[in-house]
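I set out to look up a few features of this structure and to record each one in turn. The entries below follow the order in which I consulted them.

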Amino acid sequence: MDKQFLVVEKIENGHAYCEDSAKNIIMIPLLNLPKNIKENDCIRILENGYMIDEELTQNRKKNIVNLSKSLFK
């Protein structure tokens, strides 16, 4: 995953706990993120804030489903 992307691991107490490509957890106040953010979304870091990357989120979900299918054959 590109360094400019984070994955929302959990949302709790007004913060999103996000993981970067190095597996570091970064806590971001929900006020700084798009209003429709949810767990497992991939977000892109921009100069003036954050944006949900719908394409990356969908690709990541498809990869997880495919991995699960291959494990449970």
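**Aromatic rings and a charge**

I searched the whole structure for aromatic pairs and found zero. The model is a predicted one, and I read every entry here with that in mind.

I then asked which residue lies over the face of Tyr17. Lys10 does, at 5.0 Å from the ring centre.

**The sheet**

I next looked up the strand order. Five strands form an open sheet, arranged S3-S2-S1-S4-S5, and I noted that the pairing is antiparallel. At the edges I found S3 and strand S5 (49-52), each of which pairs on one side only. As background, I noted that the strands of a sheet pair through backbone hydrogen bonds, in either a parallel or an antiparallel manner.

**S2 with S3**

I examined the pairing of strand S2 (residues 15-19) with strand S3 (residues 25-29), which is antiparallel and runs over five bridges.

**S4 with S5**

I then turned to strand S4 (residues 42-46), which is joined to S5 by four bridges, the two running antiparallel. For Arg44, I noted Met51 as the bridge partner in S5.

Phi of Lys23 is near 70°, a positive value in a residue that is not glycine. Is Lys23 buried or exposed? I recorded a relative accessible area of 62% for Lys23; the cut-off for exposed is over 50%, so Lys23 counts as exposed.

I also looked up Asn40, which is found in the loop between S3 and S4. Asn40 is not a glycine either, yet has a positive phi of about 75°. I noted 35% relative accessibility for Asn40. Buried would require under 20% and exposed over 50%, and therefore Asn40 counts as partly exposed.

Technical notes:
Residues are numbered from 1 along each chain as its sequence is written. This is a predicted model: local features need pLDDT of at least 70, side-chain atom pairs count only at pLDDT 80 or more; totals for chains, interfaces and linings use all residues. Side-chain values use heavy atoms; hydrogens and water are left out. Two strands pair if DSSP finds at least two bridges between them. Buried means under 20% relative accessible area, exposed over 50%, partly exposed in between (1.4 Å probe, protein chains only). Rings of Phe, Tyr and Trp (its six-membered ring) pair if their centres lie within 6.5 Å; planes under 30 degrees apart count as stacked, over 60 as edge-to-face and the rest as tilted. A charge sits over a ring if NZ of Lys or CZ of Arg is within 6 Å of the ring centre and within 35 degrees of the ring normal.
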